[in-house]
Amino acid sequence: MPKTNGIVSNGPASDPAPPHDTFDTILVLDFGSQYTHLITRRLRELNVYSEMLPCTQKLADLSWKPKGIILSGGPYSVYAPDAPHVDPEVFKLDVPILGICYGLQEIAWHHGKDVLAGEQREYGHAALNIHPHGDNKQAHVSRLFEGLPNDMDVWMSHGDKLSRMPDGFATIATSTHSPYAGIAHEEKEYYGIQFHPEVTHTPKGGVVIKNFAVNICKAQQNWTMEAFKDKEIMRIRKLVGEKGQVIGAVSGGVDSTVAAKLMHEAIGDRFHAVMVDNGVLRKDEAKQVKKTLTEGLGVNLTVVDASKRFLSLLKGVSDPEKKRKIIGNTFIEIFEEEAKKIAKEAENTPKAGKVEYFLQGTLYPDVIESISFKGPSVTIKTHHNVGGLPEKMNLKLIEPLRELFKDEVRKMGVDLGIPAHLVGRHPFPGPGLAIRIIGDVTPEKIRIVQEADLIFIEEIRKAGLYDEISQAFAALMAGRSVGVVGDNRLHGYIIALRAVVTTDFMTADAYEFDSAFRKRVAGRIGNEVQGVVRVLYEETSKPPSTIEFE
């Protein structure tokens, strides 16, 4: 039976337990900070499970109780009329709370509303001075700062500050412009810090987070991919049953490969892997994936060539969200058709039951970026795995990687015995080249992007850079540019090359190639890809851009 810890359970008792019911969980409530996801990442790195939800989350709607709560930073002022605030029930839950930046001010606002605009904004490195608190005879350093020096370098990013100490709180740290850079309730386990411990610019920030999660919240450090893998296999078996069958969407990327291998480990031949060739894959992708999964991993794979169907539906469509919706909806339609075929073939097999579930390789960053609520967060884009699905479909979704970041998926892949060159493969978006072609999608544009991308990746591998780069690809820009081919002027296409480095795909920096590499790749694409007259290198970080172009 799912544990409730005093919170009403929304699911039936027979439901397989999700991670937050089997691992101690720190809940991170997001106020729209660009750093919020890093809090969750830092906790996971400590082997403490964490989930992130919008700050507007109603606790009555949760079916589980966290071991502790962290309130993130945010771009708002708590005293503004439209400022976001947490559910007041958060402060009645009787669990430790840590407020970071805006989160500190939210705690203070709840305990007296003593927050105002600061005369001097603090942004960047700052010197934090840790203060003992309590009466003179029993003064002590806060448990939040145990093991840390009295003076430490931290990263600040705030304009507002407390006008006075809230009732019942004490100062545990100060900085030059923040007399209340750290506060703690004198009786309850409530803490607030004005700096950001989750960013690398705060060198000892991980200690602060560990002190809160492990020493104060008493969260067990048992979140590992080996433990999650074993529990997830058991969860899948219970969910699917002894005879149930699952049809799986695979692309050959690390996410779908790991999901397929995990599902195969859980239910064996009752898992049916299906790859849909949507016509916007990389060059020879379908052939390579079939060889990888069947010969390399023993997964039985059916390849469905639906390229004409997809391209017909995409014809003349330029809006990226419409592209994603078309591709997402058509994927489901085709999978449902394949499920019926598989079910019909299995009718006379006594060991097999109905095909009820559809496997997807959705990851946690997909979920985070698709969360939208009024106030601090906006939807950056709809991931086809999350928001591009039809509202009504006949198959139930099963998403075993939904709670994982990319690096965690790779670790699980290693635990499952998947070769390193497959686990380390760069991501490829579900909508494929359709979102790497700005504007409408045509066969000619697909050919150009496929050929340019192949050259780019070939040269990256030859230079020994592939494993240093998190994701690299070619994209086709909108419009045309004049060029000279032979003795003729050509109004041709523009290719943009993008390569990024990242640890979590929530933020990313452009990879810096040397000039010789740039010239070599640009020269090959210009000479070998018919129709291309200009090659650009795109170097914008995420944020402000996204990794993909659409």
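Predicted model: local features only at pLDDT ≥ 70, side-chain atom pairs only at ≥ 80, totals over all residues.

**Exercise 1.** Work out how helices α13 and α14 are oriented relative to each other.

*Solution.* 
- Start by finding the two helices: α13 covers residues 443-462 and α14 covers residues 515-528.
- Next, take the geometry: the angle is about 150°, and the axes are 10 Å apart.
- Now apply the cut-off: angles over 145 degrees count as roughly antiparallel, so α13 and α14 are roughly antiparallel to each other.
- To finish, check the handedness: α13 crosses α14 in a right-handed manner.

**Exercise 2.** Find which residues of α13 meet α14, and sort the contact by class.

*Solution.* 
- On the α13 side, look for Glu451, Ala452, Ile455, Phe456, Glu458, Glu459, Ile460 and Lys462.
- Across from them, α14 brings Phe517, Arg520, Val521, Arg524, Ile525 and Glu528.
- Sorted by class, this contact has seven nonpolar and seven charged residues, and no polar ones.

**Exercise 3.** Describe the ring pair that Phe456 and Phe517 make across these helices.

*Solution.* 
- Begin with the rings: their centres are 6.5 Å apart and the planes sit at 50°, a tilted aromatic pair.
- Then place them: Phe456 belongs to helix α13 and Phe517 to helix α14, so the pair ties together parts 61 residues apart in sequence.
- Check the accessibility: both Phe456 and Phe517 are buried.

**Exercise 4.** The structure holds 15 aromatic pairs. Classify the one formed by Phe91 and Tyr190.

*Solution.* 
- The ring centres are 5.8 Å apart and the planes are at 75°.
- Planes over 60 degrees apart count as edge-to-face, so that is what the Phe91 and Tyr190 pair is.
- Trace the chain: Phe91 is in the loop between β3 and β4, while Tyr190 is in strand β9, 99 residues apart.
- Look at burial: Phe91 has a relative accessible area of 9%, so it's buried. Tyr190, at 5%, is buried as well.

**Exercise 5.** Is Ser307 buried or exposed, and which residues does Ser307 touch?

*Solution.* 
- Locate Ser307 in helix α8, which covers residues 307-314.
- Buried means under 20% relative accessible area; Ser307 comes in at 18%, so it counts as buried.
- Leaving out residues up to four places away in sequence, Ser307 touches Asp277, Asn278 and Gly279.

Note on methods
Residues numbered from 1 in each chain as written. Heavy atoms only, no water. Helix = DSSP H or I, 4+ residues; strand = E, 2+ residues; numbered from the N terminus. Buried < 20%, exposed > 50% of the residue type's maximum accessible area, 1.4 Å probe, protein only. Contact = heavy atoms within 4.5 Å. Axes fitted to C-alpha atoms, helices over the stretch in contact; angles between N-to-C directions. Parallel < 35°, antiparallel > 145°, perpendicular 65-115°, else oblique. Left-handed = near helix turned anticlockwise from the far one by under 90°. Nonpolar A, V, L, I, M, F, W, Y, C, P; charged D, E, K, R; others polar. Phe/Tyr/Trp six-rings, centres within 6.5 Å; stacked < 30°, edge-to-face > 60°.
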